[in-house]
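Take a moment to look over the model below.

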Amino acid sequence: MTRRTFLLSTASVTAHAAEAPRSIAITMDDLNWMPLPNPTEINQRLLDAMRNHQARLALFVIGRNADSPTGRALIQPWKDAGHLIGNHTYSHRSYSALTFDEFSADVVHADKVLASDLGTPRLFRFPALKEGDTAVKRDRMRAFLATHHYRIGHVTIDASDWYYDNRLRQRLASDAGFDVSRYRQPYLDHLWDRAQFYDNLSIEVLGRSVPHTLLIHWNLLNSLFLADVLEMFRRRTWRIVDAQDAFRDTIFLRAPKTVPAGESLLWALAKESGKFDNVLRYPGEDDVYEKPKLDRMGL
Ligand SMILES: [Zn+2]
C-alpha cells in the first residue's frame, strides 16, 4: 500500500466512525457519604436516575466507606438492582504517594471488606486514575491485579465533576439559600465538552468510537443532575448502556506503557502513540482547568 492510499483509507475509516452511533456507560466512584447529612436520600436519587434509563452502572467503592452499617445499607440497593460493584482501595490514597507494598495492601484490605459485593468482571480502579509513577511500579501492580483476578476498571471519558461538587457544597455552606440549579447547565456543558474531546480522541487513535465509560462521583452534584446528564446524552443520540457490557470491549484489555501511568485509557493510548502531544495536557483533567470558568460565572 502506498502512503497515499493509506492516508485515503484512514480518512474513510474516520468519516465512517464519525457517523457511527455512540454509547456510554456510567461509572461512579468513592461512595463518599460521610461529609453529607442525607446520604440515603442522595443514594435514592442516583438509583432512581439510573432506573429511569434502565441502565446499570459500575460503582467503585472505597472500602472504608463500606466498612460500617451505613455504608453497607447504601451499597445493598445497588446490588439488588444489578449494578456492578468494584474495588477502589480501602483508604483512597494515591499510588504515587505509596510504595507497591503499601498500595497493594490497601487493595487487599478493600478486597476483604467488599468480598461479597464484587461483581463480574472483578474490577479495580486506581484513585485519581494514577497507575504508577514509574514503569516498575506500574508493571508490578498490573501483575498483582492479574494474579488477584482483577481487571482495571478503566475510564474513557474523564471530567472534573468532583470539583463542581466541591464548589457547590462550599457555596451552600456559606449561602444556604443558593439556587443549586445554576450549576445544572455549566455542569452539563462541561461533561459534553469532555465527551466530545475523548470521543474524538477515540476515533483519531483507534479509528472507532469505543463504548465509553464516563467517570463521575457519588456526590451531591450528581444526585441533583445525573438524570439531566443521562437525558442530555440520550437526546444527542448516545445510547446509555450497562457498564458490564461496555467493559466487554477489547479496548479495556489494553495496557499502555506510559509513565506516569494512568489517566483516561484513551488519553494514555494517545500519549503512547506519540502523535497527540499537541492536544494532551497533564493531568488530563483537573480543577485548575475549570476554576476560571466557574469564577467567571460567579458559581
Ligand atoms: Zn476516587
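A residue is called buried when its relative accessible area is under 20%, exposed when it is over 50%, and partly exposed in between. Keep in mind that this is a predicted model.

Now apply the term. Histidine 92 has 27% relative accessibility, so this residue counts as partly exposed. Histidine 88 has 1%, so it counts as buried.

Next, step back to the fold. The protein chain has 12 helices and nine strands. How do its parts meet? Take the contacts with a separation of 6 or more: 80% of them join residues 24 or more positions apart.

What about overall size? A compact globule of 299 residues would have a radius of gyration near 19 Å, and the protein chain has 19 Å, so the two agree. Along the principal axes, the C-alpha atoms fill a box of roughly 65 × 45 × 35 Å.

Of the 299 residues, 52% count as buried. The protein chain exposes about 13,600 Å². Carbon and sulfur atoms supply 53% of that area. As for charge, the chain carries 39 positive and 37 negative charges.

Conventions
Residues numbered from 1 in each chain as written. Predicted model: local features only at pLDDT ≥ 70, side-chain atom pairs only at ≥ 80, totals over all residues. Heavy atoms only, no water. Helix = DSSP H or I, 4+ residues; strand = E, 2+ residues; numbered from the N terminus. Rg over C-alpha atoms; globule rule 2.2 N^0.38 Å. Buried < 20%, exposed > 50% of the residue type's maximum accessible area, 1.4 Å probe, protein only. Contact = heavy atoms within 4.5 Å. Areas by Shrake-Rupley, 256 points an atom, 1.4 Å probe, with all protein chains shown as cover. Lys, Arg positive; Asp, Glu negative; His and termini not counted. Charge placed at Lys NZ, Arg CZ, Asp CG, Glu CD.
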